[in-house]
Amino acid sequence: MANAPRYIEELIESLMQFPGVGRKGAERIAYFIIRSEKTVGKNLIQALDNVNDMLGNCSSCGMVFLNEEVDTNSMGTKDCSCRSDRNSEYICVVENVEDAIKIENTNSYDGLFHVLGGAISPLDGIGPSDLSIDKLLERLNSDIKEIIIATNPSTSGNATALYLEKILKDKEVKISRLAVGLPVGSNLEYIDDKTISTAIAGRVKLN
Ligand SMILES: [Zn+2]
């Protein structure tokens, strides 16, 4: 029993490393695990092991991939499978891996992705050099016809989109950005002014 609090504390401190989990939240999860059937903790360990062992991060595009899909070439470096079976005319630039997966799950896009690893936010000390913009420029070649900027419609997402537009404008590539406007299935009456004014600015031509 003497060491029990130390082990609980170690679990709480590990949980506190996750985004959005503070001391109180970490304590709730830790005591939940301790009270639960052993299978709850074991399933969590298995899921964490799978993610650690089976997934890798591509050093070029920043996407995650299944380790078993990776080819190790003669240089001993790993090539991400996203380079092979995708439509290489398009690169969709996103802030994070989860944004790319969200777009992928719509089944409406079959091109390449590029994960920036965040967005420009001077208040948080994040500038262009903290994002993988240099890697994006390295990926430009004659196959790539269009860069689709899919950063969030937020202050930092907009700042990032403007920056990308500036550095890409003299390249031989079309630049587009995801449309921003009214949510599908919504009612104007319930939509905030900012969203409506953005939708008016971004209206599309019908004839
Ligand atoms: Zn890749």
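1. The model is predicted, so local features need pLDDT of at least 70, side-chain atom pairs count only at pLDDT 80 or more, and totals for chains, interfaces and linings use all residues. Residues are numbered from 1 along each chain as its sequence is written, and side-chain values use heavy atoms, with hydrogens and water left out.

2. Side chains of opposite charge can pair when their charged atoms come close. With a salt bridge defined as a side-chain nitrogen of Lys or Arg within 4 Å of a carboxyl oxygen of Asp or Glu, the count comes to five.

3. One of these bridges joins Glu10 and Arg6, at 3.1 Å from N to O. The two residues are four apart in helix 1 (residues 4-15), which means that about one helical turn separates them. Helices here are DSSP runs of H or I with at least four residues, and strands are runs of E with at least two, numbered from the N terminus.

4. A salt bridge also links Lys174 and Glu146, whose closest N and O atoms are 3.9 Å apart. Lys174 belongs to strand 8 (residues 174-177) and Glu146 to strand 7 (residues 146-149), 28 residues apart. Lys174 is exposed at 52% relative accessibility, whereas Glu146 is buried at 13% (buried is under 20% relative accessible area, exposed over 50%, partly exposed in between; 1.4 Å probe, protein chains only).

5. Glu104 pairs with Arg86 in a further salt bridge, with the closest N and O atoms 2.9 Å apart. Glu104 is in helix 4 (residues 97-104) and Arg86 in the loop between strand 4 (78-79) and strand 5 (87-94), so the pair ties together parts 18 residues apart in sequence.
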